[in-house]
Amino acid sequence: MAAQVAIRGPRSLLRQIREALAGGGPAQARLDMVVRIIALSMVADVCSIYLRRASGEMELFATEGLDTNAVHVTRMKPGEGLIGEIIRQGSPLNLADAPEHVAFSFRPETGESPLHGFLGVPLLRGGRAIGVLVVQNKAARTYSDDEVDDLQIVAMVLAEMVASGELITVGELEGVEIAPRKPERLIGSKFAEGLAYGAVVLHEPPVASSQLLSDDVAAEEQRLAAALAGLKAQIDKMLEGQSGLVDASYEVLESYRMFAHSTSWNRSLEDAVKNGLTAEAAVERVRSEHRARLGQARDPYLRERLHDLEDLNDRLLRHLSGDASVARDLPENAILVARNLGPADLLEYDRTKLRGLLLEEGSSASHAAIVARALDIPCVGRLSGLRDKVSEGDPVIVDAETGEAYLRPRPDVVGAIKARIDVRRQRQAEFAKLKDTPAFTRDGVKITLLMNAGLDVDLESLVETGAEGIGLFRTEFQFMVSEEMPRFNAQTALYSRVMDAAGGLPVTFRTLDLGGDKVLPYMEAEREDNPALGWRAIRMGLDRPALLRLQLRALIAAARGRPLRIMFPLVANVDEFRAGRALVDTEVAWAQRRGRPAPSRLDVGAMIEAPSLIWHLDALLPMTDFVSVGTNDLMQYLFAADRGNSRVADRYDPLSPPALRALEAIQRACAETGTPVSVCGEMAGRPLEAFTLVALGFERLSMPPAGIGPVKQMVLGCDRELARRGVSALLKSSAGSVRSEIETLARKLSLAV
Ligand code: PEP
Ligand code: MG
């Protein structure tokens, strides 16, 4: 047969592949045809396709040039040989002399010994390598950059064809891992309590495979250019809005702009379009490469850059679609899956359909987690490898009671979760009935149940739960979910809305508790070796009083002559409280000088979160109007265990003699001086812990809204005196934890905890 003249370039190659496949026929014959066409077009002696089996092995699926008996016989173990190397790196491997490479693995059954020139590219889908396409030559040769590019485009199209069943039908793909299909359980951390069952919605919209190849390169180039210009203009506008505000935030956006203008990013996109891809496919292709390359990076800086690039890609896709909004229409029972979510992203989705949230990264202090808790959307995070393990529409369970995700769960697991969801719903209905019942213990002690809040969306819970006020309003949340620093007016507006919604119920505003694990996207934070012990909360406020004073001014303005309660976080020393209180006085005087009303009543309090204060309560309490115990931080400092580090966060039990003695000392000192005291850490919202706090004498508990019902039910059944006696005996225990003893006590008192 006369040698055909190879037609160069991926467009003609892709056309040939499409034409050849148009005739149909069995899968194997079609794959064989594909490798033959590629070998011919690229003037290669060998062309082979390997696809990933569910076991992770790479199986030779088709070859032109190697011994065809090796097809479906040769399987490379995960990580084995050059194929394994390509999968591991997620990028092409271009070798003049393959046997020289350290990873080379010789497979006699393929008869490949005399082959030297080697070019392999991964078949990438959503940043995940599902196979490898290889061309080889007998002669030692290096493939040109153009050839590498061409083969990558072919590989991308092949990956989509394989995944969509266009090339091989689903039945024929049995065991090939295009999209994982096996049930899988991932263990992560619970970010927001609850249970949900639904269908996966990927946070980044996938590109339909039909749009991969363009019909009109010039038109596509124009679309890309317009979208890039739109993107750059958008970022410039963001920068303008920031100018003169905070130097640090300006720098962050500057570096973002640098990415958007980066020649290599722009050129990669333009090249991909020149080679015949649609603009959307070009974005996906470049994104896949970045993900595969940077996703492996251990350096947190590089991983952060990947996050920036992901965001940039998403923005560009939105510009291409002509619709700038993030959120899409959701199916009923949607479970949102994302690597991480940006500030306010979650708020853009339709809450009536969103049932749960699964995140690959994040921390329980991340924006998404905060908003998820506020919206009462169960959320599990830190699910390693999640994004690559699910496809759009996959059934999935969010078990945010245990911190797990079940991907494509078996029917019995679904049955069990549905039963648990029903039980939870019934219990919530019972709690709702208690909404207007005041929380008195059986022996007549009134326990005041307050809720913790921080965002507008929390305010609805005030009515729903029947909380008697807001015991902790975390003002930093507004800062954390904003794209830019909230100014005076924005702060005043939020505080007014909160006071209006509370309608006379007390609201305790905590001043900004930033730093530590709470960092702002627009404020450059200096890296600290020990952020939890670092420059945070009131320390930052006193060192940079402008920010704190602006906030105090906004609080006083929002009060408009109504009562105002202000509380300082992480006071570790009485002088800090004195200095904070003096700033409040200064701001009240400032308002009065301008003829504005002072609050009709002003209460200024301290959070007890640093153990140091426990031994200086005699000095602190007389100068405060109230105190609130932040047990989340108090426990972390008492036990020297980082609350954000899942390895140590649960290592120590607040229900242990040292913790309970510390709490008792605080309660006693407050009782003796008549200082109002509340507990506002998460433990106040857990019935067993709340029972213990009531036993220790605490009568004001502030907690996440979801805790109010269960805690009230506990209070209504509790005899405080009996509880007090039982718990005081346990304070003397020599056990490391007295949780089980307290459980026994509660059961003996017939409490549902
Ligand atoms: C605490 O530390 O217990 C507390 C309520 O404050 P935060 O959780 O916001 O640090
Ligand atoms: Mg705290």
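The model is predicted, so local features need pLDDT of at least 70 and side-chain atom pairs count only at pLDDT 80 or more, while totals for chains, interfaces and linings use all residues. Residues are numbered from 1 along each chain as its sequence is written, ligands are numbered from 1 in the order in which they are written, and side-chain values use heavy atoms, without hydrogens and water.

Glu609 lies in the loop between strand E19 (602-608) and helix H19 (617-623), whereas Asp633 belongs to helix H20 (residues 631-638), 24 residues apart. Helices (H or I, at least four residues) and strands (E, at least two) are DSSP runs, numbered from the N terminus.

Glu609 is buried, at 2% relative accessible area, and Asp633 is buried at 2% as well. Buried means under 20% relative accessible area, exposed over 50%, and partly exposed in between (1.4 Å probe, protein chains only). Seven of the eight residues of H20 are buried, so H20 is largely enclosed by the rest of the structure. The cover includes strand E16 (470-474) and helix H21 (657-673), where contact means heavy atoms within 4.5 Å.

Elsewhere, Ala723, Gly726, Val727 and Leu730 in H24 meet Glu741, Ile742 and Leu745 in H25.
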